[in-house]
Amino acid sequence: MSRNFATNRAGGRTAVRGSDEANVLGATVRVRGRLLGDGDLRIEGDIEGEVRVRGSLDVSEGGNVRGNVTASAVTLSGSLTGDVDAEGAVLIRAGAKVAGDMKGSEIALEEGASYTGRIEADFELPDGLDDSRGDAKSRTGAKRR
Amino acid sequence: MAATVIGQGIIIEGEVTSDEAVVVAGTVRGKLTVDGAVTIESGAVVEADIGATTLSVGGSVTGNVTASDRVDLLTGGKLIGDVKAARVTIADGAVFKGNVDMDL
């Protein structure tokens with residue numbers, strides 16, 4: 001299954017997308033199974049299963065994902081039950097309902113979001129607090145309702 | 001523009017259902033059930049049984065197909081499987097292997 005990712009790791013994700021049309025799974029769509037691919041993806045419907053995209057993933061308001069998610073960046077406005085592994089930023093927006101562990105370069109949790117899980121993000125502590133020379137790693141047991 | 005676009009780089013393995021039109025330019029393996037129009041674009045690969053109101057095939061489909069309205073197999077399209085629909089067209093240059101049942 002990794003072939004799709006491997007070929008595109010270096011070359012970016014332009015090669016696979018002939019046109020610039022966005023990948024959208026509409027509000028009435030239900031998927032039970034696995035979703036893989038290159039390119040940005042917006043989920044407005046209901047997904048039960050693993051989601052792995054090389055691109056940004058956007059779970060819209062009303063969207064519902066039950067399964068683990070891997071993407072370069074993740075924005076959650078809908079509901080997600082599962083772990084997130086992002087290369088870039090993870091944004092949990094107001095109104096989102098999220099349960100699972102988040103991993104990314106940065107994690108943002110907006111006021112009004114419901115979140116249960118663990119947050120793991122690399123960051124550098126500001127001068128004075130930095131006693132481990134920039135390789136500090138948070139392992140925060142964040143819990144918020 | 002359809003509500004759902006499964007683009008060129010996307011692979012779905014499993015069951016997909018929708019109440020609105022679906023355009024497939026990527027890969028779907030499993031089952032595709034849509035209460036609306038399904039468009040399989042050129043370059044798309046679908047290895048799934050398809051249920052739809054109308055189905056238009058410009059890409060490659062392997063699986064049995066049922067449409068309450070019609071099935072159009074376009075030039076360059078490839079369909080391997082049985083077709084069940086009230087109206088069926090097969091364009092010149094299309095590839096088809098299977099049975100057609102227009103007795104709905």
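Predicted model: local features only at pLDDT ≥ 70, side-chain atom pairs only at ≥ 80, totals over all residues.
**Ser18(B)**

I started with Ser18(B), which sits in strand E2 (residues 10–18) of chain B. Strands here are DSSP runs of E, at least two residues, and helices are runs of H or I, at least four residues, both numbered from the N terminus. Residues are numbered from 1 along each chain as its sequence is written, chains are lettered from A and ligands numbered from 1 in the order in which they are written, and side-chain values use heavy atoms, with hydrogens and water left out.

Buried or exposed? Ser18(B) is buried, at a relative accessible area of 3%. The cut-offs: buried is under 20% relative accessible area, exposed is over 50%, and partly exposed is in between, with a 1.4 Å probe and protein chains only.

Next I asked what Ser18(B) is in contact with, leaving aside its neighbours within four places in sequence. I found Thr28(A) and Val29(A) from chain A, plus Thr33(B), Val34(B) and Asp35(B) from chain B. Contact means heavy atoms within 4.5 Å. I also noted that a polar atom of the Ser18(B) side chain lies 2.9 Å from the backbone oxygen of Glu20(B).

**Salt bridges**

I got 13 salt bridges over all chains. The criterion is a side-chain nitrogen of Lys or Arg within 4 Å of a carboxyl oxygen of Asp or Glu. Side chains of opposite charge can pair when their charged atoms come close.

I looked up Glu13(B) with Arg34(A), a salt bridge at 3.0 Å, N to O. This pair crosses between chains, with Glu13(B) in strand E2 of chain B and Arg34(A) in strand E2 (residues 30–38) of chain A. Glu13(B) counts as buried at 18% relative accessibility, while Arg34(A) counts as partly exposed at 28%.

Then Glu48(A) with Arg66(A): their closest N and O atoms are 3.6 Å apart. The pair links distant parts of the chain, 18 residues apart, from strand E4 (residues 46–48) to strand E7 (residues 64–66) of chain A. I have Glu48(A) as partly exposed at 31% and Arg66(A) as partly exposed at 32%.

In chain B I checked Asp69(B) with Arg87(B), whose side chains meet in a salt bridge at 2.9 Å, N to O. Asp69(B) is in strand E8 (residues 65–73) and Arg87(B) in strand E10, 18 residues apart. Asp69(B) is partly exposed at 28%, and Arg87(B) is partly exposed at 43%.

Which residues are joined into one network by salt bridges that share partners? I wrote down Arg34(A), Glu50(A), Arg52(A), Glu13(B), Arg29(B) and Glu47(B).

**Surface patch**

Strand E10 (residues 83–90) of chain B also holds Ile90(B), partly exposed at 44%. I see Ile90(B) form a nonpolar surface patch with Val100(B) and Met102(B), about 270 Å² of accessible area together. Patches take residues with over 30% relative accessible area and no salt bridge, joining like charges within 9 Å and nonpolar side chains (Val, Leu, Ile, Met, Phe, Trp, Tyr) within 5 Å. Accessible areas are Shrake-Rupley values with a 1.4 Å probe, and for residues only the protein chains shown count as cover.

**Chain A overall**

I ended with chain A, which has one helix and 18 strands. Of its 145 residues, 42% count as buried. Its accessible surface comes to about 7500 Å², with 46% belonging to carbon and sulfur atoms.

Methods. Polar contact = N/O pair within 3.5 Å; in protein donor to acceptor, adjacent residues only side chain to side chain.
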